[in-house]
Amino acid sequence: MSLAPGETRADRFVREIAELKIPDPAAGRPRLWLRVGVVLMIGGVVLAVAAYLVSHRTTSSLTQGDAVTIGLGGVTVSVVGAALFIRYSLTSFLRFWLARQSFDLAMLGDRLTGERTDT
Amino acid sequence: MIELIDIRAGYDGIAVLHGVRLQVAAGRILALLGPNGAGKSTTLRVAAGALRPTSGTLVLGGRDVTGADPRDLARAGVCLIPEGRGVFPNLTVRDNLLMMTFTGRGRSEIEEIAYARFPVLGRRRTQAAGTLSGGEQQMLALARALATDPAVLLIDELSMGLAPVILTKLYEHVAEIARSGVAVLAVEQNASAILRIADDAAVLVRGRVERHGPADDILRGELSALYLGSSR
């Protein structure tokens, strides 16, 4: 924030811009992550149900052991998917809510001032 | 200080800007003029980093910052005053100013800067911003911008809803801010008001810069023709 000795505001700006870390545009893809979350959530549930059915239809304890492992894996995948979905859908929702709130406040302000303009 | 090179941008696949080239040096004011729908506000959004161009380059301080987070650009010193003043109407003048403490400046310092430049805000510090007159709200918007210690100031339609006499005073403040070394890019429909203080001007028509040059030349030249679309 402070200027180095002999530095102008423009110099500081150039320095700060030079130090700026510009993120890779591919890093933040909320829509993609949202879709991944939905796929994982559904896929995990399908995996868990399939594992249950496999274990239910066999008397082999080895197969049942495998099915339990797959089932738990499915539940874990589903939980991770749900977390991703909530994270990215909540962000979109809150962003929309904030925009809506700002718009409402601006409208209220205009109403209170009776569309006042300087005369 | 700030340079837009062949910027193409739009919304949801609809192109608004078709290769815009502009540059503003430190301490200078560039007036961006043009009719409604020309893409003036979109140009400002690109310059502030709020809208990523589909192609082209945004250069700040000699560095390509296309795609940089607008918050990082704001922290570095790019400040956008949006159309419609952008103040929080239900917060007091003081609270509006203190929103700018994110820059790291102290509360008292921010208030000192704002009230020194706009004494009327000091007298109204406990008043809700929504109850200020249009001119005072614009003063508050400018004061908030000053509190960020901007290096690049982007102003969208300062004249909206203001009487000419108030606008002239506000633009005198903008000219003073520019003289302190700030690069100012001001979008304006009220061409005569901004051209009195601007060093350079550009006329944007349908997403293309039709004319770019010294403000005096634009003022004397074919401004009305460019606005109205007639040709010689």
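Tutor: Let's start with α6(B), which is mostly covered: 14 of its 14 residues are buried, meaning 20 or more other C-beta atoms, placed from the backbone, lie within 10 Å of a residue's own. Keep in mind that this is a predicted model, where local features need pLDDT of at least 70, side-chain atom pairs count only at pLDDT 80 or more, and totals for chains, interfaces and linings use all residues. Residues are numbered from 1 along each chain as its sequence is written, with chains lettered from A in the order in which they are written.

Student: What span should the 14 residues of helix α6 have?

Tutor: Helices are DSSP runs (H or I, at least four residues), and the expected span is 1.5 Å times one less than the number of residues. For residues 134-147 of chain B that should be 20 Å, and the end C-alpha atoms are 20 Å apart, which agrees.

Student: At what angle do the axes of α6(B) and α7 cross?

Tutor: Two packed helices are described by the angle and the distance between their axes. Here α6(B) and α7 (residues 164-179) of chain B come within 10 Å and cross at roughly 10°. Angles under 35 degrees count as roughly parallel, so α6(B) and α7(B) are roughly parallel to each other.

Student: Which residues of α6(B) and α7(B) make the contact?

Tutor: Contact means C-beta atoms within 7 Å. Among them are B:Met139 and B:Leu142 of α6(B), and B:Ile166 and B:Leu170 of α7(B).

Student: How many residues of chain A are in contact with chain B?

Tutor: 23, and they touch 31 residues of chain B. The largest share of chain A's side, seven residues, comes from α1(A).

Technical notes. Helices (H or I, at least four residues) and strands (E, at least two) are DSSP runs, numbered from the N terminus. A residue is buried if 20 or more other C-beta atoms lie within 10 Å of its own, exposed if 12 or fewer, and partly exposed in between; C-beta atoms are placed from the backbone. Two residues are in contact if their C-beta atoms, placed from the backbone, lie within 7 Å. Axes are lines fitted to C-alpha atoms, for helices over the stretch in contact, and angles run from 0 to 180 degrees between N-to-C directions. Angles under 35 degrees count as roughly parallel, over 145 as roughly antiparallel, 65 to 115 as roughly perpendicular and the rest as oblique.
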